[in-house]
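Here is a friendly tour of one model, written for someone who likes to know the cut-offs behind each term. Please keep the viewer open as you read.

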Amino acid sequence: MSRTVREGAHIDVARSAARLFLEKGVTGTSGDEIAEAAGISKRTLWRYFRTKKSCIEPLFALTSQRLAEKLKNWPLDISVERFLELAYDFSKIDAQEIEDSRLAVHLIARLEEEPALLEPFFMATRMTEITMAGVIASRLDLSPTDFEVRLCAATVVAAMRIIDESISRAAVKYGQIPTVAETNDRLAQAIRRASTLPFCDPITPRPR
């Protein structure tokens, strides 16, 4: 029985679309198949999603939002290395987040073969960039709209995206699966090298 898109069901559609895209490719997947897999009517699907590729947007957006929440909780008194170690403690991450991350990794690994996935992926990285600007501004007592802050956020998020893409491709295509510690180390190094402002080390708040 079909159902309407309830609150939160957009991500269910995205997960269904992700599995079909990974199995059959974007071109080989129809909107009808996505609707059937998600348990909604075709009419409802097209009411809420513009195109097939837009069906995947909520998944990339959710992974970006989860990263944003972690970034917002980065304590001033710890380094980027320590922050990543704490943020990606998989013993404290629930099964659904792990499954969503797995789907995202497999989709990212196919970006070259599936260019239709690029738009929703880059939209998600844009969301991360906005959050990163806020984090940098908070740590350095600056405004997130300052040019230097926005520039730093853009370069850092670009570096993070490249790490995501390279690790995802290596893991999915060649079975080169790094440990969590190795992934965190590569990500921390990339963030440090891309940073144009000194926000990666512990920060002492300025006296008010």
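The sections below cover the ground rules, a helix and the loop after it, a helix pair, and a residue in another helix.

## Ground rules

This is a predicted model, in which local features need pLDDT of at least 70 and side-chain atom pairs count only at pLDDT 80 or more, while totals for chains, interfaces and linings use all residues. Residues are numbered from 1 along each chain as its sequence is written, and side-chain values use heavy atoms, with hydrogens and water left out.

## Helix H7 and what follows

Let's start with H7, which covers residues 118–140. Helices here are DSSP runs of H or I with at least four residues, numbered from the N terminus. The expected span of a helix is 1.5 Å times one less than its number of residues, so the 23 residues of H7 should span 33 Å. The end C-alpha atoms are 32 Å apart, in agreement with that value.

Leu-118 belongs to H7 and is partly exposed, at a relative accessible area of 28%. On this scale, buried means under 20% relative accessible area, exposed means over 50%, and partly exposed is in between, using a 1.4 Å probe and protein chains only. Between the C-alpha atoms of Leu-118 and Ile-108, 10 residues apart along the chain, the separation is 8.7 Å.

Just after H7 comes Asp-141, with a positive phi of about 60°, although this residue is not a glycine. Asp-141 sits in the loop between H7 and helix H8 (147–174) and is partly exposed, with a relative accessible area of 30%.

## How H4 meets H7

Helix H4 (residues 57–72) packs against H7 at an angle of about 15°, the axes being 8 Å apart. That makes the two roughly parallel, a label for angles under 35 degrees. Axes are lines fitted to C-alpha atoms over the stretch in contact, and angles run from 0 to 180 degrees between N-to-C directions.

Contact means heavy atoms within 4.5 Å. On the H4 side, the residues that meet H7 include Phe-60, Ala-61, Leu-67 and Leu-71; on the H7 side, Phe-121, Met-127 and Val-135 are among them. The residues of this contact divide into 11 nonpolar, 4 polar and 2 charged.

## Ala-17 in H1

Is Ala-17 buried or exposed? Ala-17, placed in helix H1 (residues 9–24), is buried, with a relative accessible area of 0%. Leaving aside residues up to four places away in sequence, Ala-17 touches Ile-34, Cys-55 and Ile-56. Ala-17 and Asp-164 are 147 residues apart in sequence and 21 Å apart in space, C-alpha to C-alpha.

How values were computed
Angles under 35 degrees count as roughly parallel, over 145 as roughly antiparallel, 65 to 115 as roughly perpendicular and the rest as oblique. Ala, Val, Leu, Ile, Met, Phe, Trp, Tyr, Cys and Pro count as nonpolar, Asp, Glu, Lys and Arg as charged, and the others, Gly among them, as polar.
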